[in-house]
Amino acid sequence: MSTLTVKATNSWLLLISLTLLSLAVSEWVKNPAVMILVVVLAMTIKGQSIVDIFMGLKTAPVVWRRLLLSYVIVVPAIIGAVIVWL
């Protein structure tokens, strides 16, 4: 297998694992703040994986990579802050 195939497969496994973790947390954890924190953290890691591996921006110009990674960090932070403060 090529290196790119291995990276994509590992990233896919990470995405599936984080999705299943989010599902498990939503079913088993009764504290909404903990649940939101875990889901937002998983969403951030998944977004970074998508930007770096699937979109191939790890070696792209710095401006594009930072722009998309900032979106991946800012949006979950806003969602988490809004839900926790409500």
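User: Among contacts in the protein chain between residues at least 6 apart in sequence, what share joins residues at least 24 apart?

Analyst: That share is 59% in the protein chain, counted among contacts between residues at least 6 apart in sequence, where contact means heavy atoms within 4.5 Å. The model is predicted, so local features need pLDDT of at least 70 and side-chain atom pairs count only at pLDDT 80 or more, while totals for chains, interfaces and linings use all residues. Residues are numbered from 1 along each chain as its sequence is written, and side-chain values use heavy atoms, with hydrogens and water left out.

User: How many helices and strands does the protein chain have?

Analyst: The protein chain has three helices and zero strands, and along the sequence its pattern reads α-α-α. Helices (H or I, at least four residues) and strands (E, at least two) are DSSP runs, numbered from the N terminus. The C-alpha trace of the protein chain spans about 45 × 30 × 10 Å along its principal axes.

User: How does the reach of helix H1 from its first C-alpha to its last stand beside the expected value?

Analyst: The expected span of a helix is 1.5 Å times one less than its number of residues. Helix H1, residues 3-28, has 26 residues and reaches 37 Å, close to the expected 38 Å. H2 has 23 residues and reaches 31 Å, close to the expected 33 Å, and for the 24 residues of H3 the end C-alpha atoms are 34 Å apart, in agreement with the 34 Å they should span.

User: What percentage of the residues in the protein chain is buried?

Analyst: Buried residues make up 20% of the 86 residues in the protein chain; buried means under 20% relative accessible area, exposed over 50%, and partly exposed in between, with a 1.4 Å probe and protein chains only. In H1 the buried residues are Ser11, Leu15, Leu18, Ser22 and Val25, and they pack against H2. Trp12, also placed in helix H1, is partly exposed with a relative accessible area of 47%, and its C-alpha atom is separated by 12 Å from that of Ile45, 33 residues away along the chain.

User: Which residues of H2 are buried, and against which helices do they pack?

Analyst: In H2, Ile36, Val40, Ala42, Gly47, Ser49, Val51 and Asp52 are buried, and these buried residues pack against H1 and H3. Ser49, for example, has a relative accessible area of 8% and is buried; leaving aside its neighbours within four places in sequence, Ser49 is in contact with Ser11, Leu14, Leu15 and Phe54.

User: Which residues does Lys46 contact, leaving aside its neighbours within four places in sequence?

Analyst: With those neighbours left aside, Lys46 is in contact with Leu15, Leu18 and Thr19. Lys46 lies in helix H2 and is partly exposed, with a relative accessible area of 24%.

User: At what angle do H2 and H3 pack?

Analyst: Two packed helices are described by the angle between their axes and the distance between the axes. Here H2 and H3 pack at about 170°, with their axes 10 Å apart, which makes H2 roughly antiparallel to H3. The axes are lines fitted to C-alpha atoms, for helices over the stretch in contact, and angles run from 0 to 180 degrees between N-to-C directions; those under 35 degrees count as roughly parallel, over 145 as roughly antiparallel, 65 to 115 as roughly perpendicular and the rest as oblique.

User: Which residues in H2 meet residues in H3?

Analyst: On the H2 side they are Ile36, Val40, Met43, Thr44, Gly47, Gln48, Val51 and Asp52, and on the H3 side they meet Arg65, Leu68, Leu69, Val72, Ile73, Pro76, Ile79, Gly80, Ile83 and Val84. The residues of this contact of H2 with H3 divide into 12 nonpolar, four polar and two charged; Ala, Val, Leu, Ile, Met, Phe, Trp, Tyr, Cys and Pro count as nonpolar, Asp, Glu, Lys and Arg as charged, and the others, Gly among them, as polar. In H3, Leu69, Val72, Pro76 and Gly80 are buried, and what covers the buried residues of H3 includes H2.

User: How many salt bridges does the structure hold?

Analyst: Side chains of opposite charge can pair when their charged atoms come close. The structure holds one salt bridge, a term for a side-chain nitrogen of Lys or Arg within 4 Å of a carboxyl oxygen of Asp or Glu. Its partners are Arg65 and Asp52, whose closest N and O atoms are 3.0 Å apart. Arg65 lies in helix H3 (residues 62-85) and Asp52 in helix H2 (residues 32-54), so the pair ties together parts that are 13 residues apart in sequence.

User: Is Asp52 buried or exposed?

Analyst: Asp52 is buried, at 9% relative accessible area, whereas Arg65 counts as partly exposed at 23% relative accessibility.
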